[in-house]
Amino acid sequence: MSQSHFVYIKDLRAHAGKPVELRGWVYNTRSGGKIRFLILRDGSGYLQCVASAADVSAEDFETLGALTQESSVIVTGVPREDKRAPGGVELTLKSVREVQHAEGFPITPKEHSSAFLLDHRHLWLRSRKQHVVLLVRHHTIAAIRDYLNSHGFVNLDTPIFTPNACEGTSTLFETDYFGDKAYLSQSGQLYNEATAAAFGKVYCFGPTFRAEKSKTRRHLTEFWMVEPEVAFMELPELMELEEDFFCYIIGRVLETCGTEIREILERDTSKLEAVKKPFPRIHYKEAAKFLLEKGVPFEVGGDFGGTDETVLTESQTSPIFVHHFPTQIKAFYMEPDPTEPEYCLSVDMLAPEGYGEVIGGGQRTANLDLLEQRIKEHNLPRAAYEWYLDLRKYGTFPHSGFGLGVERTVAYLCGLSHLREAIPFPRMLNRLSP
Ligand code: 4AD
Ligand code: MG
């Protein structure tokens, strides 16, 4: 069959009634007497193909009966609209050709342990649920870029090899850089502050690294973060930007994959539809009080743990902002509130349903002396931050920004219990392969 008749499953409806060719893999098969079913997947979707012994050659009918899971195939046939079929279209088969006969595909419809599935991540990606999750990831990333690009942000990516820490020295991955020490970037923020002074509104978007020694469902050692930074923006406007951005992402994902999230992932999408801005804003002091009133053994002055975040958002339908964390527990660059310097102009956005912190950000210290003092207090090597201090010497300016974790966002959108499914090949404390 000629190239021009080759189509993808997702475009099939437009070809109803016309002969087409499809290429893909066997997802499943079923036989019933003189009729054989093949669920074909081609990356763009899943399609039920039906062959009756009368319509295909005896040889092809035989081939169909012997097809195995994940064998690669080329089929021809005529698509028919059918409301009952998944995707609203079914293919009446005319021919089938096996490209390769796959024996013993390790991931079968039966239950497998998560360790087994992660060991076979390169194959697990083909399964229906993983396919939806990673499509959601794709659409999340597309929404992020579209929002920022259409709101005047300039995308300027920041280096991965860095000479200094951004988010504290305890989670730095160290590597040799031609005899010198380099660290894998924990965040592009410090560089964003430089590009923000050159372009006003900027963002970087890339992989970031944290040597997290904890095995939690919310931590990866390599994750993707988008980090917008805006010159002359202060904390209240930052929260407005964050909620508008987040609502846009949810809206876009519901529009593009809402049906799959509901039907394949069985996630209650009405919970996502219920998210509305403005999100509640709570001072850290208020949040701490709330936790104590609820009987949570929270140590006031410390950071929130997973359980604390869950309790804080329990009765919420939208994410919440917790702002003004204690200056002591936050990164060196956070601007202390001039009216209560023991608290800083930081803000975390916590997602409902126990998903916890999805965004971290705040207003940066603009004053040179104060920043120098903070670098000292954090025992950071001043020399490595000289260039960063320059930004306060030459036209310092109030500015704010945030980082949104892509995997935490995708986990929330998909209703996943662990971040490891929200990235094609997860990196964790005990996992570097495949
Ligand atoms: O709160 P974090 O550490 O903030 C920063 O890195 C700032 N410099 C960002 C900025 O203001 N430009 O990280 C931001 C977000 C978190 O809210 C979370 O979504 C995600 O990044 N994140 C992780 N995701 C997966 N695994 C980890 N280990 C993560 N650590 C942070
Ligand atoms: Mg944080």
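How many residues surround ligand 1, and which are the closest? The count is 24. The closest are E167, Q189, E227, E357 and V358. Keep in mind that this is a predicted model.

Start with the place itself. Ligand 1 takes up the space of the largest pocket. Now look at who lines up around the ligand. By class, the shell holds 8 nonpolar, 8 polar and 8 charged residues.

Next, find the strands that contribute. Three to trace are β11 (222–231), β17 (356–363) and β18 (399–405). Each of them supplies at least two residues of the shell around ligand 1. The largest share comes from β17, with 5 residues.

Now zoom in on single atoms. Begin with E167, one of the closest residues. A polar atom in the E167 side chain lies 2.6 Å from a nitrogen atom of ligand 1. Then turn to the oxygen atoms of the ligand. The side chain of R210 has an N or O atom 2.8 Å from an oxygen atom of ligand 1. R364 also places a polar side-chain atom by the ligand, 2.9 Å from an oxygen atom. How much of ligand 1 does the protein bury? Taken alone, ligand 1 exposes 630 Å². The protein buries 94% of that.

Finally, move to another feature, a pair of strands. Strand β14 covers residues 336–337, and strand β15 covers residues 340–344. The two pair in the antiparallel sense, over 2 bridges. One bridge links D337 to its partner E340 in β15. What joins β14 to β15? A hairpin does, through 2 residues.

Note on methods
Residues numbered from 1 in each chain as written. Chains lettered and ligands numbered in written order. Predicted model: local features only at pLDDT ≥ 70, side-chain atom pairs only at ≥ 80, totals over all residues. Heavy atoms only, no water. Near = heavy atom within 4 Å. Polar contact = N/O pair within 3.5 Å; in protein donor to acceptor, adjacent residues only side chain to side chain. Areas by Shrake-Rupley, 256 points an atom, 1.4 Å probe, with all protein chains shown as cover. 1 Å grid on protein atoms, 1.4 Å probe; cavity = no way out; pocket = protein on both sides within 12 Å on 5 of 7 lines; lining within 4 Å. Sits in = over half its atoms within 2 Å of the grid points. Helix = DSSP H or I, 4+ residues; strand = E, 2+ residues; numbered from the N terminus. Nonpolar A, V, L, I, M, F, W, Y, C, P; charged D, E, K, R; others polar. Pairing = 2+ DSSP bridges.
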